[in-house]
Amino acid sequence: MVIVNGKAVRSCITKVSTLEGADIISIEGLGTPENPHLLQEAFVLAGAVQCGFCTPGMIMAAKVLLDQNPDPDAAAIKRALARNLCRCTGYKKIIEAIQLAGRFMRGETTPAEVRAKISKKMLGVSHPRPTAMIKACGVAQFNEDIIMPKYTLELAVTRSTQHHALIKSIDTSVAAKMPGVIGVMTEEDVKGTNRIRVALPDQPVLCEDKSD
């Protein structure tokens, strides 16, 4: 989502040939982590930035709305975001962020005042995510933004074709001889305990006695 001549436009379906002489603003042109726009400040302080993938589009659509209506209600915000999707289901915080940005723009409060209220407490308040600002400014790197060095090894996971089957043995000899294969790992190669211990105490890193 970018702003073309004051309107929110989906860049992915817009032909460049139609943009001759147009005034275009992208998320990178709105503000930077060092000098963010009030909308970007609001998204960070309101906790509206989660994975961050949808955030630039949400902010650009919100800017067009606030430029036209500096005090929108929730219904107006929802209409303005009709073409934007958040897979983290963070719509409530996004709406609150846009309303907070409106308060900033109307001079009712400032980012400094909001930050001061948050920083005084350790418990009972939501603090901004450390990566929120770079996501709000469109400079955070996602997987597809990272170019791996040449000859970097790629890890491929082989999944069992049978669920909850007892594993009697694993023969990796054929796989190890395939072109380009540097090595094969099984649970026997896991250093230390073969347990993730995040969600479940008995969740293995690699299958050992039973397939998933």
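This is a predicted model: local features need pLDDT of at least 70, side-chain atom pairs count only at pLDDT 80 or more; totals for chains, interfaces and linings use all residues.
How many nonpolar, polar and charged residues are in the lining of the largest cavity?

**Stop 1: the core.** Select Phe43, Ile94 and Ile98, the residues with the most contacts inside the largest nonpolar core, a set of 37 residues. Then colour α1 (38-45), α2 (55-68), α4 (91-105), α5 (111-119) and α6 (132-136), each of which gives two or more residues to this core. The largest share is that of α2, with eight residues.

**Stop 2: Ile94.** Keep Ile94 selected and show its surroundings. Beyond its neighbours within four places in sequence, Ile94 is in contact with Phe43, Ala48, Cys54, Met58, Leu81 and Cys86.

**Stop 3: the cavity.** Ile94 also belongs to the lining of the largest cavity. To display the rest of that lining, select Ala48, Val49, Gln50, Cys51, Gly52, Cys54, Thr55, Cys86, Cys88 and Gly90. By class, seven of the lining residues are nonpolar and four are polar, while none is charged. The space inside comes to about 40 Å³, and the structure holds one cavity of 30 Å³ or more.

**Stop 4: Thr193.** Move on to the segment after α7 (173-176), where Thr193 is found.

**Stop 5: a distance.** Finally, select the C-alpha atoms of Thr193 and Ala74 and draw a line from one to the other. These atoms are separated by 50 Å, and the two residues lie 119 residues apart along the chain.

Definitions and conventions: Residues are numbered from 1 along each chain as its sequence is written. Side-chain values use heavy atoms; hydrogens and water are left out. A nonpolar core is a set of buried Ala, Val, Leu, Ile, Met, Phe, Trp, Tyr and Cys residues joined through side-chain atoms within 4.5 Å. Buried means under 20% relative accessible area, exposed over 50%, partly exposed in between (1.4 Å probe, protein chains only). Helices (H or I, at least four residues) and strands (E, at least two) are DSSP runs, numbered from the N terminus. Contact means heavy atoms within 4.5 Å. On a 1 Å grid over the protein atoms alone, a cavity is a set of points where a 1.4 Å probe fits but cannot get out, and a pocket is an open set with protein on both sides within 12 Å along at least five of seven lines; lining residues have an atom within 4 Å of a point. Grid points are joined across faces, edges and corners, and a volume is the space filled by probe spheres set on the points. Ala, Val, Leu, Ile, Met, Phe, Trp, Tyr, Cys and Pro count as nonpolar, Asp, Glu, Lys and Arg as charged, and the others, Gly among them, as polar.
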